[in-house]
Amino acid sequence: MTSDVSPAARAAGAPAPAPPAATRWLDAEEQRAWRAWLYSWMLLDDRLDRELTRETGISHAYYEILVQLSETEGRQLRMSQLAERCLSSRSRLSHAVSRLEERGWVRRQVCPEDGRGQLAVLTDEGFAALEGAAPVHVESVRSHLFDQLSPEQVAAMQDIGETLLRHLNDEA
């Protein structure tokens, strides 16, 4: 069970959230499906991160930043857009980009359109690091996900994922 208002907010006088008219509890089958999906995703994400880090020295989070930059025109994005694409806070992304700058894989530059924002730019060295890590990443994804599923399960996974993306992206 989760709360909509943090304990700190309640202590500061924020009103408690109104309870829902009727809680729609998960039945046993829904609970098993939810937990299986949640735990399998958590284990998969952990496995991908560990293997990628061990084999390439690049964490899964850093890999995703490099991927997002590599897939854009000019291999650059405003920091705010990059944070959104990586589902990261701006401060967390800024810290990660600083670490990638130290490696020479990303550089920051002032946004030429307005001079206020900053761009993260993937360097040639960063692109080369990404190219070196990509085979490790795709093999992990293939062996720990797709090799475990039938073609019908992959189709169902795609359908479920696209349905959830439509719903969740509409709410964002």
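**Basis.** I worked from a predicted model, where local features need pLDDT of at least 70, side-chain atom pairs count only at pLDDT 80 or more, and totals for chains, interfaces and linings use all residues. Residues are numbered from 1 along each chain as its sequence is written, and side-chain values use heavy atoms, with hydrogens and water left out.

**H3 and H5.** I looked up how helix H3 (residues 60-70) packs on helix H5 (residues 90-102): the angle is about 85° and the axes are 11 Å apart. Helices here are DSSP runs (H or I, at least four residues), numbered from the N terminus. Axes are lines fitted to C-alpha atoms over the stretch in contact, and angles run from 0 to 180 degrees between N-to-C directions. H3 and H5 are therefore roughly perpendicular (65 to 115 degrees). I then listed the contacts (heavy atoms within 4.5 Å): Tyr62, Ile65 and Leu66 in H3 meet Leu93, Ala96, Arg99 and Leu100 in H5.

**Phenylalanine 127.** I found phenylalanine 127 in helix H6 (residues 124-144). Its relative accessibility is 26%, so I noted phenylalanine 127 as partly exposed (between 20% and 50% relative accessible area, 1.4 Å probe, protein chains only). Leaving out residues up to four places away in sequence, phenylalanine 127 touches Ser70, Arg75 and Leu122. The C-alpha atoms of phenylalanine 127 and leucine 66 are separated by 7.4 Å, at 61 residues apart along the chain.

**Lining.** I checked which helix gives the most to the lining of the largest pocket: H7, with 11 residues.

Conventions
Helix = DSSP H or I, 4+ residues; strand = E, 2+ residues; numbered from the N terminus. Parallel < 35°, antiparallel > 145°, perpendicular 65-115°, else oblique.
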